[in-house]
Amino acid sequence: MRSLREELRQASEERSFAGLPMPRPDSGRSADTPDLAGDDLVAFVERQVAEHEQDLGPDHPDTLRSRNNLAGACLQAGHLKQAVSLSERNLADSERVLGAADPHTLTCRNNLAGAYEAEGAPDRAVPLYESALAARERVLGPTDLLTLQCRDNLARAHVLTGNPVLAVPLHERTLADRERVLGADHPDTLLSRCELAHVHHVVGNPARSAELFTRALADSERGLGPGHPATRRLRELLAHVQGG
């Protein structure tokens, strides 16, 4: 599933260039950030943070956003302890400066949960995802794209903590909302259908899993094309489920 997730997330980013809706990135990465990766990206964002702290002060919203970007860059580069430490500070500073219900604070809470999850502590991530989801539903609305993204994160964390049954209704609701908001063949909708199919396979419902993967494959062939990497991966997953 990991490779399929990445392929569909990449397809979602590519779809956004056509002007179609997609979730706003939780990292808050600015549009003028160069196309860098790894330690090069970390060094670039570190310079941004230093400039903002010097020019605007440590509590300016732009400084808080750049520090959030730095945590995300560290996470992408595999510097997990640094990402967790920065994310913890970002959440505390955002709650103090902007308030607990500010959308940026909710992003920081979601991102700290993601850092804990990446570090191998999904049990620490679950309550943060739950808190962020409840607040996003209240502040942004139950079908805002960031709310849907957070619900998807919580469902995945439940699977990682050995509670896949708790993930089923979360994925079902996210799938229904994404299908209504984005359409059946949007990559994010495909991802929700595949996540639900995967969870049904985990909980011992192979027939329902195969049914969902079959529908996802048809939608992917129509929306992304029969030769897309995500479509090819879906064929493999469907064959695996059908083969028992």
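Biologist: How many salt bridges does the structure hold?

Modeller: The structure holds 25 salt bridges. Start with the general idea. Side chains of opposite charge can pair when their charged atoms come close. A salt bridge is a side-chain nitrogen of Lys or Arg within 4 Å of a carboxyl oxygen of Asp or Glu. Before we pick examples, note that this is a predicted model, where local features need pLDDT of at least 70, side-chain atom pairs count only at pLDDT 80 or more, and totals for chains, interfaces and linings use all residues. Residues are numbered from 1 along each chain as its sequence is written, and side-chain values use heavy atoms, with hydrogens and water left out.

Biologist: What is the mean pLDDT of the protein?

Modeller: pLDDT is the predictor's confidence in each residue, from 0 to 100. The protein averages 91. Of the residues, 91% score at least 70. One stretch needs care: residues 17–25 have pLDDT below 50. In the model, that stretch makes 17 contacts beyond near neighbours in sequence. Contact means heavy atoms within 4.5 Å. Where pLDDT is low, the predicted coordinates should not be read in detail.

Biologist: In which helix is confidence highest, and in which lowest?

Modeller: Helices (H or I, at least four residues) are DSSP runs, numbered from the N terminus. Helix α8, residues 164–182, is highest, at a mean of 97. Helix α1, residues 2–16, is lowest, at 84.

Biologist: Back to salt bridges. What does R124 form a salt bridge with?

Modeller: R124 pairs with E88, and their closest N and O atoms are 4.0 Å apart. R124 sits in helix α6 (residues 122–139) and E88 in helix α4 (residues 80–97), so the bridge ties together parts 36 residues apart in sequence.

Biologist: Is R124 buried, exposed or partly exposed?

Modeller: Buried means under 20% relative accessible area, exposed over 50%, and partly exposed in between (1.4 Å probe, protein chains only). R124 has 42%, so R124 is partly exposed. E88 is partly exposed too, at 34%.

Biologist: Which ring face does R124 lie over?

Modeller: R124 lies over the face of Y116, at 4.0 Å from the ring centre. The rule: NZ of Lys or CZ of Arg is within 6 Å of the ring centre and within 35 degrees of the ring normal.

Biologist: What do the buried residues of α6 pack against?

Modeller: They pack against α4, α5 (103–118) and α7 (145–160). Buried residues in α6 include A125, L128, Y129 and L133. After α6 comes G141, with a positive phi near 110°.

Biologist: How far does α10 reach from its first C-alpha to its last?

Modeller: The expected span of a helix is 1.5 Å times one less than its number of residues. Helix α10 has 18 residues and reaches 25 Å, close to the expected 26 Å. Its buried residues include L212, F213, L217 and D219. Their cover includes α9 and α11 (229–242). After α10 comes G225, whose phi is positive, near 105°.

Biologist: What does D219 form a salt bridge with?

Modeller: With R193, at 3.7 Å between the closest N and O atoms. This pair links distant parts of the chain: D219 in helix α10 and R193 in helix α9, 26 residues apart. Both residues are buried.

Biologist: And which residue does R222 pair with in a salt bridge?

Modeller: R222 pairs with D185, the closest N and O atoms being 4.0 Å apart. R222 lies in helix α10 (residues 206–223), and D185 in the loop between α8 and α9 (187–202), so parts 37 residues apart in sequence are tied together. R222 is exposed, at 51% relative accessible area. D185 is partly exposed, at 23%.

Biologist: Which residues are linked in a network of salt bridges?

Modeller: E53, D59, R67, R89, D93 and R96 are.

Biologist: Now the start of the chain. What does M1 touch?

Modeller: Skip residues up to four places away in sequence, and M1 touches C194, E195, H198, F213, R233 and L237. M1 is found in the segment before α1. At 14% relative accessibility, M1 is buried. M1 and T231 are 230 residues apart in sequence, yet 13 Å apart in space, C-alpha to C-alpha.

Biologist: How far apart in space are A43 and V241?

Modeller: They are 44 Å apart, C-alpha to C-alpha, and 198 residues apart in sequence. A43 sits in helix α2 (residues 38–55).

Methods:
Helices (H or I, at least four residues) and strands (E, at least two) are DSSP runs, numbered from the N terminus.
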